[in-house]
Amino acid sequence: MRTPSLGLLADPDYRRLFASTSVSQFGFQITQLALPLVAIMALAASPFQVGLLTALSTASFLLLGLPAGAWVDRWRRRTVLIVGDLGRAVVLITVPVAWWAGVLTMSQLYVVAFLLGTFTVFFDVAYQSYLPHLVGRPNLVEGNSKLESVRALAQLGGPALAGQLIRWLTAPVALLLDAVAMAASAIFVARIRKPEPKPAPRPDAHLLREIGEGLRFVLGHRLLRPIAATTGTANLFGAAAMAVTLLFLERELGLNAGTIGLVITVASGGGLLGAIYARRLAGRFGQGPTIWAAIAFTAPFQLLMPLVAAPGWRLWVAAAGGFVASFGVVVYNVTQVSFRQSITPDALLGRMNATIRFLVWGTLPIGGLLGGVLGELLGIRGALLAATVASCFAFLPAFCSPLRGMRRLPEPDDPVTVDAVS
């Protein structure tokens, strides 16, 4: 029986997923900071090398995103989550081992980044497809909001923690702690007890046909199309900015790892408030307007960071601008992810999530390379400014769609939402 004050957290299985998410999200924040700092500080990487590292960490979403969805729909999703966490733990351990042996190279970091991204592809597709089974569709907004709160809290405290760990222990050792966190996450998921039936094999199963069904569902949907376009555009230029942000803070402003972690912590802090208020904002303004407005009115605050000339109060004002932007990102994510999950049939959940991931995360490696190239051509500050200006226009596909004034998103069987579905 659920306790009203705890909501879904009164459910033991959801608590285990919540605990798994908490541990892995803090570990993920360590990797996000430590892996590129290994390249920057230990191997003196160039802007292009850092951009390539960023690109390879997400390249699997472009290369494997679509077949991953079809495969996940054939497997038990809980098993995929466990294997994904354990795989990432093993890959991460290789970095400190190579560093201690004195044989660490950029080539190894490239391979590590790609393999981490590959395990993450399968983990993320299974994760978003597993939640409806675990909590039921009526509880998806609450379930996603609580999990996004964890993500936002990790983004708030994780970078500061990661920065101090890197400062005290060095970046390679911090990655060892991340590997432990991933292994702990796998243990929590393994303790989930709710039965998950193995998907029944289809006698006419065909990988390309199943991929096509997922593509037709997403691209034929009047609301999923603009959501994918908005998210993909935001990710493209967000990845370009990320590829040069750490270089900007470390080389242009001369900050140490601890201070870099604090800056990122402040900039990410708005995500926690976004997770708390997402449901209220969607209820007050409507789900459609909340989706596009969350990006439109907060993204311009990112422009403050490339305008910082030196450490000082302007740096913290720029970090506060990132706080506003991260608030908008989480409000956007909670609203649109819950809708995607609620409108998609169970048999298509994996392929829908994989198709969306392919379309919106497939832009990340392109953005990473773009950031590296812009860094070489325009300089680090110029590349960061160009990427943040472009990201301010990401809201346009959603704004120019039926979402603009749609206060209530239609139900799955409402024909207004779908033009052509397989």
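# Why is it called that?

Biologist: Why is Trp100 called exposed?

Modeller: Trp100 has a relative accessible area of 52%. Exposed means over 50%, buried means under 20%, and partly exposed is in between (1.4 Å probe, protein chains only). So Trp100, at 52%, lands in the exposed class.

Biologist: Where do these values come from?

Modeller: This is a predicted model, where local features need pLDDT of at least 70, side-chain atom pairs count only at pLDDT 80 or more, and totals for chains, interfaces and linings use all residues. Residues are numbered from 1 along each chain as its sequence is written, and side-chain values use heavy atoms, with hydrogens and water left out.

Biologist: What about Trp99, buried, partly exposed or exposed?

Modeller: Trp99 comes out at 32%, so it is partly exposed.

Biologist: How many aromatic pairs are there?

Modeller: The count is 5. Rings of Phe, Tyr and Trp (its six-membered ring) pair if their centres lie within 6.5 Å; planes under 30 degrees apart are stacked, over 60 edge-to-face, and the rest tilted.

Biologist: What makes Trp99 and Trp100 a tilted pair?

Modeller: Their ring centres are 6.5 Å apart and their planes stand at 50 degrees, so the pair is tilted. Trp292 and Phe297 get the label tilted as well, because their centres are 6.0 Å apart and their planes are at 50 degrees.

Biologist: What makes Arg404 a charge over the ring of Phe399?

Modeller: The rule wants NZ of Lys or CZ of Arg within 6 Å of the ring centre and within 35 degrees of the ring normal. Arg404 lies over the face of Phe399, 5.4 Å from the ring centre. Arg284 does this with Phe285, at 5.0 Å from the ring centre.

Biologist: How far does helix H7 reach?

Modeller: H7 (residues 171–190) spans 29 Å from its first C-alpha to its last.

Biologist: What does Val189 have to do with Asp13?

Modeller: They are 176 residues apart in sequence, yet 8.6 Å apart in space, C-alpha to C-alpha. Asp13 is in helix H1, and at 11% it is buried.

Biologist: What is Asp13 in contact with, leaving aside neighbours within four places in sequence?

Modeller: Contact means heavy atoms within 4.5 Å. Asp13 has Leu134, Arg191, Ile192, Arg193 and Lys194 on that list.

Biologist: Which residues have the most contacts inside the largest nonpolar core?

Modeller: They are Leu35, Leu109, Ile166, Leu249, Met305 and Leu315, in a core of 53 residues. The largest share, 8 residues, comes from helix H1 (residues 12–42). A nonpolar core is a set of buried Ala, Val, Leu, Ile, Met, Phe, Trp, Tyr and Cys residues joined through side-chain atoms within 4.5 Å. A second, separate core of 30 residues includes Ile227, Ile295, Val331 and Leu348.

Biologist: How many disulfides turn up?

Modeller: A search of the whole structure finds 0; a disulfide needs a pair of cysteine sulfur atoms within 2.5 Å. As for cysteines, Cys392 is buried at 12%, whereas Cys400 is exposed at 58%.

Technical notes
Helices (H or I, at least four residues) and strands (E, at least two) are DSSP runs, numbered from the N terminus. The expected span of a helix is 1.5 Å times one less than its number of residues.
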